[in-house]
Amino acid sequence: MTRLQLVEQIRNRKSYLIVGLDTDITKIPKHLLSAPDPVFEFNKQIIDATKDHCVGYKINTAFYEALGMPGWQAMEKTAAYIPATHFRIADAKRGDIGNTSSQYAKAFFEALPFDAITVAPYMGADSVLPFLEYKDKWTIVLGLTSNTGARDFELQKAGEELLYEKVLRTAAGWGTADQLMFVVGATQASEFTNIRAITPNHFYLVPGVGAQGGSLKEISEKAMNKEVGLLVNASRAIIYASGNEDFAEKAKQIAAGYQQEMAGYL
């Protein structure tokens, strides 16, 4: 999906919501456990219920890998089921020496139909560049994350700037704003003005709204640019809105609420 197509989807749907399919088999409604593939059945119903209110889905691969081969198969089926009109993110946080990253890129961009993958930049340019070789695919670099451990490294001084600032400045030079995004946690709202100054044209994938307490209003006011430049992810708040047979309808209601709020900021 190109930047132009992504922006068009955001404008058309009046939404920059990403629904996180961090599907934990221990948390899905019990009546689904008798299905041949409970995880896929859950995801399928969530997608059907929310697709009119979001522009994409983020699959956190850990929840699928933990189940072995059945989990990987559920992830494959889920990725294929997401409509081609929607942005498909593999939240895999890969990043290794060049030949290994090339294989990760092949796995998620060729064997699987993802539009984007999250990557960790700690090992530097040669661990990220293989992902950037793919046309109309996106590499989403970890920038400033929402977890408490961000203080251990990301918010430490690295010379005259903070380490996360150095990561943003450096990684922005590895590609263009048409192929690079950054992960910026919603709980780091106080830093958004500074982050936008460093990377004025890039899109941000913003987790941490909903269950983690990030403010959609504050993020939108501080970080939106002329092409919106935001993809705000909500996972648990949507997909686990109900643990009963009405889970999909409740998910739809929550997603619609986010979309309506977002429409007011656009």
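In the predicted model, H53 has a relative accessibility of 14% and therefore counts as buried, the cut-off for this class being under 20%. The residue lies in the loop that runs between helix α2 (38-50) and strand β2 (56-60). When neighbours within four places in sequence are set aside, the contacts of H53 comprise S15, L17, K252, A255, A256 and Q259.

At the level of the whole chain, 53% of the 266 residues are classed as buried. The secondary structure consists of 11 helices and 10 strands. The radius of gyration is 18 Å, close to the 18 Å given by the globule rule for 266 residues, so the chain is as compact as a globular protein of that length. Along the principal axes, the C-alpha atoms occupy a box of roughly 55 × 45 × 35 Å.

The contacts of the chain were also examined by sequence separation. Among contacts with a separation of 6 or more, 72% are made by residues 24 or more positions apart.

The chain carries 27 positive and 30 negative charges. The mean position of the positive charges and that of the negative charges are 3 Å apart.

Notes:
Residues are numbered from 1 along each chain as its sequence is written. This is a predicted model: local features need pLDDT of at least 70, side-chain atom pairs count only at pLDDT 80 or more; totals for chains, interfaces and linings use all residues. Side-chain values use heavy atoms; hydrogens and water are left out. Helices (H or I, at least four residues) and strands (E, at least two) are DSSP runs, numbered from the N terminus. The radius of gyration is taken over C-alpha atoms; the globule rule is 2.2 Å times the number of residues to the power 0.38. Buried means under 20% relative accessible area, exposed over 50%, partly exposed in between (1.4 Å probe, protein chains only). Contact means heavy atoms within 4.5 Å. Lys and Arg count as positive and Asp and Glu as negative; His and the chain ends are not counted. The place of a charge is taken as NZ of Lys, CZ of Arg, CG of Asp or CD of Glu.
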